[in-house]
Amino acid sequence: MNRPAIIGSSALPVGRYQTPDDAEHHVVEHELLAKLVVDAIASAGVDKSDVSSIICAQPRSYTRQKYFSTFMANYLRLQCEGIVMETFGNGLTAALAFDKALDEILLGRAKVVLALAINMETSTPSSEHMKDSLRTTGDVDFHAPSGFTPISWYAMDAMRYMHEYNVPRTALASVAVKNRRHASLNPLAQYRDPITLEDVLKQRTIVEPLGLYEVPPRGDGACVVVIASEDVAKSLKKPYSVVRGRGFFHEGAHQINEVPNSMIDFVAAQRASATAYANAGVTVADIDFAEIYAPCTIVEVLASEAIGLTTRGRGAFSAEEGVTTLGGAIPISTSGGLTSRGHPPYATPLYNAYEVNEQLCSMAGERQVADARLGLLMNELGNYNAALIHILEAMSP
Amino acid sequence: MKCFPTAGVRPYPPRVTSFTAKFWQSLQHGQLVTTRCGACNALTFPPKPVCPHCWADKQEWTTISPNGVLYSYTRIHAAPAQFSQALPYEVGIVDLKENLRVACRLVNTSKETLRLDADVELVAIQYEDGPLLAAIPLQIRRSTDIKFLTDISDMLYMKS
């Protein structure tokens, strides 16, 4: 059986790279990404000529170079006989690049595949940036006219969760403290200075009840993950991670279900995880750590409950009690998560895959999860209307 | 349903199609309508020319009750440029008694009335360029309609 494996990776620290239109010297996406590709292929220990597919997350609309994947094939003079393509799907954009890269291996079309993502947006002010995001989350004619913002849906999740489970806001806020501690140990993280619960609670409100440290910061980033067939991975005589299971579910709703349901159940995550655990032949108890796409504190809580990592109604308390912290029973978001490692949205899922691989190959340094054997990677779109889960396993040569 | 004229135009106006025109025109006249499937009887919102449940194309227009409960809400303090003048403003999710979920602006709220699971009703805010749905708490201070109008204008425009 030829399972797909991660054999190499490279990423920029999440930060601010995008230059304004009037800059004397611009930072351009293809220059950044080309260096990362070379680094990633070197870290994998394979040759340029081994690569036969490029799956690229579609960059932001601010990226001037269009048809970016085919432009990158040119820029790197990479001839490919598998496929060269871009993926798009809101928050899942780079997760689809990862997933389609795996498919190239599973279909036998390629032995080595590049999954690429770059997200540049920070020179565009938030109020301008959000003009476009109005169109992404919700019905453009029946929701957007009311002024819903992408994270306003998560804020409403938080209000409902606190109401139903009698959870104080301080418990939700503790997720931000926990993730900042993780980020302090991650050289790729955008925000690394440790913070206290008081620091989180005193920030200005963005969407009630969530303050500045409980919502995603704006960030630029780029990440490359090299995927190969397991026979190639084995031949390299070094640790790698293999994709052992996958699950996907779209609940057939966009932000809200027009038939009232429990919005905070995250049905897509529940269903995708059931599929992924079965597909991998594992149970939730076998998972050693998880890297979860969670733009806000509440989202990590609801997502980890939905896939069974924490108990229903207890997810926020689990962060407070150290259960989901490094060294706890089930560390979640060891990278620092979206609130602290940073969130360049169309690249974030590849950063998540990068972190899972770092942990499984024992390359996570100070934030290493002891004896990490099985890692869960989950990405999403909308208000967790769709979830895509991969379960990866550590393999030794 | 209640209608509240207000000054100004909608910050991000919806597109009207030849199909949804019936909804928007009705809303302009203070009537809440949507589609019901002639095959499976399911209501749907927003109105659609095809039933999303059974995919039949036997949709019929029907008037529905504007009454429901507030499933959740938030107050937005950072918004797209089009909405920055209205900041902060409240949006919510309303579960109608007819078993439909609607997301819209909340207006004329107060600390006492803005509660999850509280009774709310959908109303039409009549802007100069057309209507939008909004929700108001049912247990509100009963004052004059004029007072209402002023309150809603305050909610929509006069905060800064």
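Helix axes are here lines fitted to C-alpha atoms over the stretch in contact, and the angles between them run from 0 to 180 degrees between N-to-C directions; helices (H or I, at least four residues) and strands (E, at least two) are DSSP runs, numbered from the N terminus. The structure is a predicted model, in which local features need pLDDT of at least 70 and side-chain atom pairs count only at pLDDT 80 or more, while totals for chains, interfaces and linings use all residues. Residues are numbered from 1 along each chain as its sequence is written, and chains are lettered from A and ligands numbered from 1 in the order in which they are written.

In chain A, the axes of helix α1 (residues 29-44) and helix α2 (residues 68-75) come within 11 Å and cross at roughly 60 degrees. That angle makes α1(A) oblique to α2(A), on a scale where angles under 35 degrees count as roughly parallel, over 145 as roughly antiparallel, 65 to 115 as roughly perpendicular and the rest as oblique. His30(A), Leu33(A) and Ala34(A) of α1(A) make the contact with Phe71(A), Met72(A) and Tyr75(A) of α2(A), where contact requires that the C-beta atoms of two residues, placed from the backbone, lie within 7 Å. By class, this contact of α1(A) with α2(A) has five nonpolar, one polar and no charged residues; Ala, Val, Leu, Ile, Met, Phe, Trp, Tyr, Cys and Pro count as nonpolar, Asp, Glu, Lys and Arg as charged, and the others, Gly among them, as polar.

Strand β7 (residues 221-229) of chain A is mostly covered, with nine of its nine residues buried; a residue is buried if 20 or more other C-beta atoms lie within 10 Å of its own, exposed if 12 or fewer, and partly exposed in between, the C-beta atoms being placed from the backbone. Gly221(A), Cys223(A), Val225(A), Ile227(A) and Ser229(A) point one way from β7(A), while Ala222(A), Val224(A), Val226(A) and Ala228(A) point the other way. Strand β1 (residues 4-11) of chain A is joined to β7(A) by seven bridges in an antiparallel arrangement, with Ala11(A) having Cys223(A) as its bridge partner. Strand β4 (residues 112-119) of chain A also runs antiparallel to β7(A), through eight bridges, and Asn119(A) has Gly221(A) as its bridge partner.

Ala173(A) lies in helix α6 (residues 169-183) of chain A and is buried, with 26 other C-beta atoms within 10 Å. Leaving aside neighbours within four places in sequence, Ala173(A) is in contact with Leu197(A), Val200(A), Leu201(A), Glu214(A) and Thr297(A). The C-alpha atoms of Ala173(A) and Tyr213(A), which are 40 residues apart along the chain, are separated by 8.3 Å.

Chain B has two helices and nine strands, which follow the pattern β-α-β-β-β-β-β-β-β-β-α along the sequence. Of its 160 residues, 38% count as buried, and residues 24 or more positions apart account for 59% of the contacts in chain B with a separation of 6 or more.

An open sheet of three strands in chain B has the order β3-β2-β4 with antiparallel pairing, where two strands pair if DSSP finds at least two bridges between them. Because β3 (43-44) and β4 (59-63) of chain B stand at the edges, each with a single partner strand, one side of each is left without a neighbour in the sheet. Strand β2 (residues 33-37) of chain B is joined to β3(B) by two bridges, with Leu43(B) as the bridge partner of Arg36(B), and to β4(B) by five bridges, where Cys37(B) stands opposite Gln59(B). The hairpin of β2(B) and β3(B) has five residues between the strands, and in this hairpin Asn41(B) takes a positive phi near 75 degrees.

## Contact between the chains

The contact takes 32 residues from chain A and 36 residues from chain B. On the side of chain A that touches chain B, the elements giving two or more residues are α4 (126-133), α5 (150-165) and β5 (205-207) of chain A, and the largest share, six residues, comes from α5(A). The residues of this side of chain A divide into 14 nonpolar, eleven polar and seven charged.
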